Amino acid sequence: MSESNIIQALDAIKASYKTDKGEYGADLFISHHLEELNDADWLLALGNIKPTPQQILNSLILLEPSEDGLMYDFTLPNDVTDYILCVNFGEDGTIEDISMEG
């Protein structure tokens, strides 16, 4: 697991929000959770009941990366969701895809 890949992945997720690249990744993740999670879930995950998209993106936590270090999964804290944002790296170290999976 590379700390620089983790930072690169989180930066790419944040940068993709409200862009064409974020449509099936960060944008979908945020809109889904703003619609589906209740106040208690948000309080548990982020400490407030009306988070902003930026607060949601800043709260993402890393799950176990793949053994080859090419896939990193992020989710919300405290097990409030089964959905993840998956960041896939190519062999050359560039990010190939960011998608929401459930």
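Biologist: In which sense do strand S1 and S2 pair?

Modeller: Bear in mind that this is a predicted model. Strand S1 covers residues 61-62, and two bridges link S1 to S2. One of the contacts puts leucine 62 against its bridge partner in S2, phenylalanine 74. The sense of the pairing between S1 and S2 is antiparallel.

Biologist: How many bridges join S3 to S4?

Modeller: S3 and S4 run antiparallel. Across this pair, phenylalanine 89 stands opposite isoleucine 95 in S4. The number of bridges that join S3 to S4 is six.

Biologist: How many residues of S2 and of S3 are buried?

Modeller: A residue counts as buried under 20% relative accessible area. Strand S2 spans residues 71-75 and is mostly covered, with four of its five residues buried. S3 is mostly covered as well, and the number of its six residues that are buried is five.

Biologist: Which residue takes a positive phi in the hairpin of S3 and S4?

Modeller: This hairpin has five residues between the strands.

Biologist: What is the phi of lysine 18, and where does lysine 18 lie?

Modeller: Lysine 18 is a residue other than glycine, yet its phi is positive, near 65°. With a relative accessible area of 64%, lysine 18 is exposed. Its place is the loop between helix H1 (3-16) and helix H2 (26-36).

Biologist: What is the phi of aspartate 79?

Modeller: Aspartate 79 is in the loop between S2 and S3. Its relative accessibility is 75%, so aspartate 79 counts as exposed. Although aspartate 79 is not a glycine, its phi is positive, about 55°.

Biologist: How far apart in space are glutamate 64 and phenylalanine 74?

Modeller: Glutamate 64 is found in the loop between S1 and S2, and it is exposed at a relative accessible area of 68%. Glutamate 64 and phenylalanine 74 are ten residues apart in sequence. From C-alpha to C-alpha, they are 8.8 Å apart in space.

Biologist: Which residue forms a salt bridge with aspartate 39?

Modeller: Side chains of opposite charge can pair when their charged atoms come close. The cut-off is 4 Å, and a search of the whole structure finds one salt bridge. In this pair the closest N and O atoms are 3.9 Å apart, and the partner of aspartate 39 is lysine 50.

Biologist: Why does this pair tie together separate parts, and how exposed are lysine 50 and aspartate 39?

Modeller: Lysine 50 lies in the loop between helix H3 (39-46) and helix H4 (53-59) and aspartate 39 in helix H3, so the pair links parts that are eleven residues apart in sequence. Lysine 50 is exposed at a relative accessible area of 65%. Aspartate 39 counts as partly exposed, its relative accessibility being 38%.

Biologist: Which residues form the negative surface patch?

Modeller: Glutamate 91, one of the members, is in the loop between strand S3 (84-89) and strand S4 (95-101). Its relative accessibility is 74%, so glutamate 91 counts as exposed. The patch is formed by Glu67, Asp68, Glu91, Asp92, Glu96, Asp97 and Glu101.

Terms used:
Residues are numbered from 1 along each chain as its sequence is written. This is a predicted model: local features need pLDDT of at least 70, side-chain atom pairs count only at pLDDT 80 or more; totals for chains, interfaces and linings use all residues. Side-chain values use heavy atoms; hydrogens and water are left out. A salt bridge is a side-chain nitrogen of Lys or Arg within 4 Å of a carboxyl oxygen of Asp or Glu. Buried means under 20% relative accessible area, exposed over 50%, partly exposed in between (1.4 Å probe, protein chains only). Patches are made of residues with over 30% relative accessible area and no salt bridge: like charges are joined within 9 Å, nonpolar side chains (Val, Leu, Ile, Met, Phe, Trp, Tyr) within 5 Å. Accessible areas come from the Shrake-Rupley method with a 1.4 Å probe; for residues, only the protein chains shown count as cover. Lys and Arg count as positive and Asp and Glu as negative; His and the chain ends are not counted. The place of a charge is taken as NZ of Lys, CZ of Arg, CG of Asp or CD of Glu. Two strands pair if DSSP finds at least two bridges between them.
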